[in-house]
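I would like the cut-offs behind each term to be given along the way.

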Amino acid sequence: FIFNKKYDINKHNEIFYFDNSNEDTWKNINLDDKNINEIIISCQNIVPKKSVINETIEEQYKNNHYKKDFDKLKKILFKLYPEQKDKFLSFCSGYSIHWFMMFIFKKEIFFKYCEWIFPILFELHDSISTEGYSEYQKRAIAFMAERLTGFFLQELLKNSTCKELPVAFFKNADPYLKPSFK
């Protein structure tokens with residue numbers, strides 16, 4: 001997340017690209033305890049700024065991934081949470097989404113999110129075969145989790161105080177961001 005308010009001025013720009021992750025960049029986006037705590041204290045939850053796309057959420061998925069996987073996602077969601085069918089269909093026909101599966105939640109919201117999303121993802125994992133998919137498309141569960149998270153965030157925004165922040169994308173994260181495992 002970018003915690004510097006100067007990046008929040010342009011309401012149509014939700015992602016900012018940086019060549020490198022280094023101390024200067026981190027200072028520029030106010031990625032420090034003081035600025036982060038200021039924002040966290042002032043709101044219940046932090047989510048990425050909403051992106052507007054030129055096709056519906058469902059069209060975007062099906063045009064870039066496997067249609068059959070998204071159809072399974074809907075079937076599983078409607079089976080596990082039939083009361084959410086109309087809201088999810090409305091979300092899927094919309095043109096805006098919170099990408100990235102990024103958030104800072106209050107503890108109770110985080111647990112609610114986990115209790116909701118993981119049964120869907122576990123069942124999806126058991127019902128989708130990625131055999132024959134490219135390495136990129138083998139991330140099908142992650143791509144669908146991103147849409148589910150976008151749906152969850154949309155519903156959350158209706159009922160709680162959230163701060164939407166732009167996102168920093170580092171083209172080269174070394175040497176400051178390193179994987180925790182191989």
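**A helix and its surroundings**

In H6, the residues Ile109, Tyr113, Cys114, Trp116, Ile117, Ile120, Leu121 and Leu124 are buried, where buried means under 20% relative accessible area, exposed means over 50% and partly exposed lies in between, computed with a 1.4 Å probe on protein chains only. This is a predicted model, in which local features need pLDDT of at least 70 and side-chain atom pairs count only at pLDDT 80 or more, while totals for chains, interfaces and linings use all residues. Residues are numbered from 1 along each chain as its sequence is written, and side-chain values use heavy atoms, with hydrogens and water left out.

An α-helix has 3.6 residues a turn, so residues three or four places apart point the same way. The buried residues of H6 pack against strand E2 (45-48), helix H4 (67-80) and helix H7 (140-159); helices (H or I, at least four residues) and strands (E, at least two) are DSSP runs, numbered from the N terminus. Helix H6 itself covers residues 107-127, has 21 residues and reaches 30 Å from its first C-alpha to its last, close to the 30 Å expected at 1.5 Å a residue, the expected span being 1.5 Å times one less than the number of residues.

With a relative accessible area of 2%, Asp69 is buried, and Asp69 touches Tyr61, Leu124, Ile128, Tyr133, Ala140 and Met144, not counting residues up to four places away in sequence, a contact being heavy atoms within 4.5 Å. The C-alpha atoms of Asp69 and Leu124 are separated by 8.4 Å, although these residues are 55 residues apart along the chain.

**Rings and charges**

The structure holds 24 aromatic pairs, for which rings of Phe, Tyr and Trp (its six-membered ring) must have centres within 6.5 Å; planes under 30 degrees apart count as stacked, over 60 as edge-to-face and the rest as tilted. One of them joins Phe18 and Phe170 in a tilted arrangement, at 5.9 Å centre to centre and with 35° between the planes. Because Phe18 lies in strand E1 (residues 15-20) and Phe170 in strand E6 (residues 167-172), the pair ties together parts that are 152 residues apart in sequence. Phe18 counts as buried at 12% relative accessibility, and Phe170 is buried at 17%.

A ring also meets a charge where the charged end of Lys68 sits over the ring of Tyr66, 5.6 Å from its centre; the rule asks for NZ of Lys or CZ of Arg within 6 Å of the ring centre and within 35 degrees of the ring normal.

**Cysteines and loops**

How many disulfides are there? The count comes to 0 disulfides, a disulfide being a pair of cysteine sulfur atoms within 2.5 Å. The sulfur of Cys43 is 7.4 Å from the closest cysteine sulfur, in Cys162, and so too far for a bond; Cys43 is buried, with a relative accessible area of 9%.

Most residues other than glycine have a negative phi. Asn30, in the loop between helix H1 (23-28) and helix H2 (33-42), instead has a positive phi near 60°, and Asn30 counts as buried at 18% relative accessibility.
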